Amino acid sequence: MFPLYGGIEAGGTKFVCAVGTGPDDIRAEVRFPTTSPAETIKKAVAFFEEQQKLLNRPLTALGIAAFGPLDPNRGSPTFGFITSTPKPGWQNADLAGEVRRALKLPVGFDTDVNGAALAEGRWGAAQGLDTFLYLTIGTGIGGGGMVGGKLMHGLVHPEMGHIRLPRDRQADPFEGFCLYHGDCLEGLASGPALEKRWGVKAETLPPEHPAWALEALYLGLALSDFICTLSPQRIILGGGVMSQPHLFPLVRAETLRLLNGYVRSPQILEKIDEYIVPPALGARAGVLGAFALAKAAL
Ligand code: ADP
Ligand code: ZN
């Protein structure tokens, strides 16, 4: 019998919990708003207890793909904690530890973007690659992925959404809204940044609005930096803002323009449409990422 996994996509706004074995087999799923750690974790634990009874089968392992910043380093005393988040109540919350103690299962724990990257690598748009990035452009901007077949960790984990960009303050006087940095990438180009700069929700901006050329410039600057730094074999762009389909060609064009022919790879020079791509797993990447983290925890 295939191992049965539990997965938690722990977002700052909502939690999605699921049990299953992989993309073609998600047996049950529940979602609820992220409130206090105690209440939210209790709901998640209750769901998995109930599912194990209903399916009359124990889970093999559980994975958590979470918002951050968090501590993903096994062996660290705060492994499994959400650390310096501005989200009220969640600073230093022992998310993975609470779940592990309640359910008595091996627990895998990583950033939401590393989870999504792992799932895209196993089942989606990055199959067969060992060095690739997954970025989400949504309520925040985050990046994860693999280098040489390993999920990116180091001191802590990458914070690709918080890089600084060269900018023309005359063309874009918006000061940015990141609590820590003001006009970092997330402060300039996340969904809420678009909303604050233009005064309307990002999803209502029409394709011909100047917002999109500026957005493509900021994303292109970031991608060209990541390409020069990590040499990824592919870059997957997900998150609510990227569900604007016209944004992909604009971002590809800006990335090519900014690299200016320097990185001599046919993947970039001839096949940019297959190089900067949407996720193949769509909205399921979160829980599937959590399943993949569960498997990796064994
Ligand atoms: P989260 O990052 O919280 O997981 P999403 O990835 O859905 O959630 O991102 C939400 C953000 O994306 C919001 O700021 C929203 O305005 C923006 N967004 C959602 N859908 C679209 C769309 N179709 N076009 C542009 N922006 C969108
Ligand atoms: Zn920032």
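Q: Hi! Which residues of helix 5 (residues 191-198) are buried?
A: They are Gly191, Ala193, Leu194 and Arg197. Buried means under 20% relative accessible area, exposed means over 50%, and partly exposed is in between, with a 1.4 Å probe and protein chains only. Helices are DSSP runs of H or I with at least four residues, strands are DSSP runs of E with at least two, and both are numbered from the N terminus.

Q: What kind of model is this, by the way?
A: This is a predicted model, in which local features need pLDDT of at least 70 and side-chain atom pairs count only at pLDDT 80 or more, while totals for chains, interfaces and linings use all residues; side-chain values use heavy atoms, leaving out hydrogens and water. Residues are numbered from 1 along each chain as its sequence is written, and chains are lettered from A and ligands numbered from 1 in the order in which they are written.

Q: Thanks! Back to helix 5: what covers its buried residues?
A: The cover includes helix 4 (185-189) and helix 6. Just after helix 5, glycine 199 has a positive phi of about 80 degrees.

Q: Helix 6 comes up there. Where is leucine 219, and is it buried or exposed?
A: Leucine 219 sits in helix 6 (residues 211-230). It counts as buried because its relative accessibility is 4%.

Q: What does leucine 219 touch?
A: Beyond its neighbours within four places in sequence, leucine 219 is in contact with Ile137, Leu185, Met242, Leu247 and Val251. Contact means heavy atoms within 4.5 Å.

Q: Which of its residues are buried?
A: In helix 1 those are Pro37, Thr40, Ile41, Ala44, Val45, Phe47, Phe48, Gln51 and Gln52. They line one face of helix 1, because they fall within an arc of 155 degrees when seen down its axis. That arc is taken from the directions from the helix axis to the C-beta atoms.

Q: Why would residues spaced like that point the same way?
A: An α-helix has 3.6 residues a turn, so residues three or four places apart point the same way.

Q: What does the buried face pack against, and which residues on the other side are exposed?
A: The buried residues of helix 1 pack against strand 1 (5-10), strand 2 (14-22), strand 3 (25-33), strand 4 (61-66) and helix 2 (95-103). On the other side of helix 1, the exposed residues are Ala38, Lys42, Lys53 and Leu54.

Q: Where is asparagine 56, and what is its phi?
A: Asparagine 56 is in the loop between helix 1 and strand 4. Its phi is near 55 degrees, a positive value in a residue other than glycine. Asparagine 56 counts as exposed, at 68% relative accessibility.

Q: And lysine 104, what is its phi?
A: Lysine 104 has a positive phi of about 55 degrees, although it is not a glycine. It lies in the loop between helix 2 and strand 5 (107-111).

Q: Which peptide bond is cis?
A: The one from glycine 68 to proline 69 is cis, with omega near 0 degrees. Proline 69 is in the loop between strand 4 and helix 2.

Q: Switching to ligand 1: which residues are around it?
A: They are Gly138, Thr139, Gly191, Pro192, Ala202, Glu203, Gly239, Gly240, Val241, Ser243 and Gln244. A residue qualifies if one of its heavy atoms lies within 4 Å of the molecule.

Q: What about polar atoms of glutamine 244 or threonine 139?
A: The threonine 139 side chain has an N or O atom 2.6 Å from an oxygen atom of ligand 1. For glutamine 244, a polar side-chain atom is 2.8 Å from a nitrogen atom of ligand 1. The protein covers 66% of the 560 Å² of accessible area that ligand 1 has on its own. Those areas come from the Shrake-Rupley method with a 1.4 Å probe, and for residues only the protein chains shown count as cover.

Notes:
A polar contact is a pair of N or O atoms within 3.5 Å; within protein, one must be able to donate a hydrogen and the other to accept it, and residues adjacent in sequence count only if both atoms are side-chain atoms.
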